[in-house]
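I opened this notebook to keep track of what I looked up, entry by entry, for a reader who is new to the structure.

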Amino acid sequence: MRSMDEFSSDVAFTPAVKRIQEERGSRRGFREMEDDGGWRTTITPGLADYLAARDSFYLGSASRDGQPYIQHRGGPPGFIRVLKPSLLGFIDFAGNRQYISTGNFSENPRAILFLMDYANRRRVKIWGRARVIALNDRVRERFMPPDYRARPEQAILFRVKAWDTNCQQHIPRKYDAKTVDTTVQALRERIEALEAENRELRERPGPA
């Protein structure tokens, strides 16, 4: 019989969580998921493609005594780098200088990445351990997105422990401004072409 800590989903499904799942009738389905292999623990090609398209995500951490904190991190698509099958890295750009996540990682490396794709109504959760590394020329060259006008302050390595996807339920469909602008411009050009065609048709002489 397997022990309680042998499933990858145990990073989130603690004994207390499993007890409530049992009480509310969802434990059986999750148990079948665990017996079938559980959550994935390495970065698949599909996940790598998903990460490469992201321009922002939420980074969760907690202090030594368990006080949680969520931080938004952003950058150009591709700023999250896949370094190894279970290792991610990204530049941490200068912000409001509170250093809450950095402080949390210094005493509790457990962390989670929450990555949204609102346009396609998808989300991915990645549990792992985060470590801050100081910025130097080698780190800057490896992680800094080219031509991105932001000041890098440090980099973060994220060791993947498990990851999972969520259903689409309750995710609103949203599009970023660049996508909307491109779509609107294409529509404007199409409207202008149709208006020009209409003007040409109206100016043609009718039958004698």
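The entries below go from the sheet to the helices and then to single residues.

**Ground rules.** I am working with a predicted model, in which local features need pLDDT of at least 70 and side-chain atom pairs count only at pLDDT 80 or more, while totals for chains, interfaces and linings use all residues. Residues are numbered from 1 along each chain as its sequence is written, and side-chain values use heavy atoms, with hydrogens and water left out.

**The sheet.** I began with the strands, taking helices (H or I, at least four residues) and strands (E, at least two) as DSSP runs numbered from the N terminus, and I counted two strands as paired if DSSP finds at least two bridges between them. I noted an open sheet of seven strands in the order E2-E1-E5-E6-E7-E4-E3, with antiparallel pairing. Its edge strands are E2 (68-74) and E3, each of which pairs on one side only. On average, neighbouring strands of this sheet are turned by 35 degrees against each other, direction ignored; axes here are lines fitted to C-alpha atoms, for helices over the stretch in contact, and angles run from 0 to 180 degrees between N-to-C directions. As background, I wrote down that strands of a sheet pair through backbone hydrogen bonds, either parallel or antiparallel.

**Strand E4 and its partners.** I then followed E4, residues 87-93, and found that seven of its seven residues are buried, where buried means under 20% relative accessible area, exposed over 50% and partly exposed in between, with a 1.4 Å probe and protein chains only. With E3 (residues 81-84), E4 pairs in the antiparallel sense over three bridges, and the two strands form a hairpin with two residues between them. In this pairing, Lys-84 has Leu-87 of E4 as its bridge partner. With E7 (residues 152-165), E4 pairs in the antiparallel sense over seven bridges, and there Asp-92 stands opposite Gln-154 of E7.

**Strands E1 and E5.** I also looked up the pairing of E1 (residues 56-62) with E5 (residues 110-117), which is antiparallel and runs over three bridges. Leu-59 has Leu-113 of E5 as its bridge partner.

**Helices across the sheet.** Helix H3 (residues 45-53) lies across E3, E4, E5, E6 (122-134) and E7, and runs at about 75 degrees to E6. Helix H4 lies across E1, E2, E4, E5, E6 and E7, and runs at about 45 degrees to E1.

**Where H1 meets H2.** I looked up how H1 (residues 15-24) sits against H2 (residues 27-35), and their axes come within 7 Å and cross at roughly 125 degrees. That angle makes H1 oblique to H2, because angles under 35 degrees count as roughly parallel, over 145 as roughly antiparallel, 65 to 115 as roughly perpendicular and the rest as oblique. H1 contributes Lys-18, Gln-21 and Glu-22 to the contact, and H2 contributes Arg-27, Phe-30, Arg-31 and Glu-34. These residues divide into one nonpolar, one polar and five charged, where Ala, Val, Leu, Ile, Met, Phe, Trp, Tyr, Cys and Pro count as nonpolar, Asp, Glu, Lys and Arg as charged, and the others, Gly among them, as polar.

**Ser-101.** Which residues does Ser-101 touch, leaving aside its neighbours within four places in sequence? I found contacts with Leu-59, Ser-61, Tyr-69 and Gln-71. Ser-101 is in H4 (residues 100-107) and is buried, with a relative accessible area of 4%. Its side chain makes a polar contact with the side chain of Gln-71 at 2.9 Å; a polar contact is a pair of N or O atoms within 3.5 Å, of which, within protein, one must be able to donate a hydrogen and the other to accept it, and residues adjacent in sequence count only if both atoms are side-chain atoms.

**Asp-10.** I placed Asp-10 in the segment before H1, where it counts as buried at 15% relative accessibility. The side chain of Asp-10 makes a polar contact with the side chain of Lys-18 at 2.8 Å.

**Positive phi.** My last entry concerns Arg-97, whose phi is near 65 degrees, a positive value in a residue other than glycine. Arg-97 is in the loop between E4 and H4 and counts as exposed at 54% relative accessibility.

Conventions. Contact means heavy atoms within 4.5 Å.
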